[in-house]
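Student: Hey, can you walk me through this one? I'd like to start with how the helices get their numbers.
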Amino acid sequence: MQAYRFRDPPAAAEGDPRAQERALLARVRAGDAAAFEALVATHYRYVFRIAYRWLGHESDAEDVTQTVCMRLSETIRSFDGRAAFTTWLYKVTLNAVRDLQRSQQRRTRLADAVAAVAEDSHPPDQEDALRVADIWRAVRALPDKQRDAVMLVHAEGLSQAQAAQVMGCKEVTVAWHIHKARKTLRGVL
């Protein structure tokens with residue numbers, strides 16, 4: 001009996017986004033500058049969106065995005081392909097966000113300064129926006145693990161399993177952190 005090997009026809013592989021990304025990553029690792037530019041161009045807004053969601057400030061998110069892009073040429077070597085490239089890039093971005101948060105405590109001081117000078121009365125449509133901003137400000141103030149779990153699942157729309165992969169823990173641990181965060185937020189909001 002003859003063994004058959006099934007392979008994707010070349011046209012299917014060319015149309016497969018994962019295959020295209022693997023090929024692009026191989027070119028980047030080989031030192032292809034054009035491939036690196038294409039990789040950065042493809043994922044720049046993704047990194048910015050993640051950084052902005054976690055930091056809440058456009059300028060800080062831009063700083064993190066620039067940092068990730070500059071470090072990407074070196075850190076790409078640590079990508080082993082076990083997870084999706086975007087999952088790995090998410091982790092790299094979160095590490096850069098945490099670096100910025102540790103080096104600058106400006107986020108908290110800025111939020112306090114804005115609250116001190118804000119008017120007491122706002123039109124109804126602004127009240128909703130302020131309420132949402134207050135909720136995210138409270139989420140960002142949660143302990144690290146709780147904040148990470150809430151942001152990944154509720155802000156980014158990841159499943160608890162995907163969040164567990166990003167956080168490097170078990171799915172049940174993510175569920176526990178979300179539970180603890182809800183209890184904490186009930187007392188704050």
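This is a predicted model: local features need pLDDT of at least 70, side-chain atom pairs count only at pLDDT 80 or more; totals for chains, interfaces and linings use all residues.

Student: Good. So where does Arg186 sit?
Tutor: Arg186 lies in helix α10, which covers residues 171–188.

Student: And is Arg186 buried or exposed?
Tutor: Arg186 counts as exposed, because its relative accessibility is 63% and the cut-off for exposed is over 50%.

Student: Now salt bridges. How many does a search of the whole structure find?
Tutor: That search gives 10 salt bridges. One of them pairs Arg49 with Glu156, with the closest N and O atoms 2.6 Å apart.

Student: Which parts does that pair tie together?
Tutor: Arg49 is in helix α3 and Glu156 is in the loop between α8 and α9, so the pair links parts that are 107 residues apart in sequence. Glu156 is buried at 13%, while Arg49 is partly exposed at 36%.

Student: What about Asp99 and Arg102?
Tutor: Their side chains meet in a salt bridge at 2.6 Å, N to O. Both lie in helix α5, three residues apart, about one turn of the helix.

Student: Last one: how many disulfides?
Tutor: The count is zero.

Note on methods:
Residues are numbered from 1 along each chain as its sequence is written. Side-chain values use heavy atoms; hydrogens and water are left out. A disulfide is a pair of cysteine sulfur atoms within 2.5 Å. Helices (H or I, at least four residues) and strands (E, at least two) are DSSP runs, numbered from the N terminus. Buried means under 20% relative accessible area, exposed over 50%, partly exposed in between (1.4 Å probe, protein chains only). A salt bridge is a side-chain nitrogen of Lys or Arg within 4 Å of a carboxyl oxygen of Asp or Glu.
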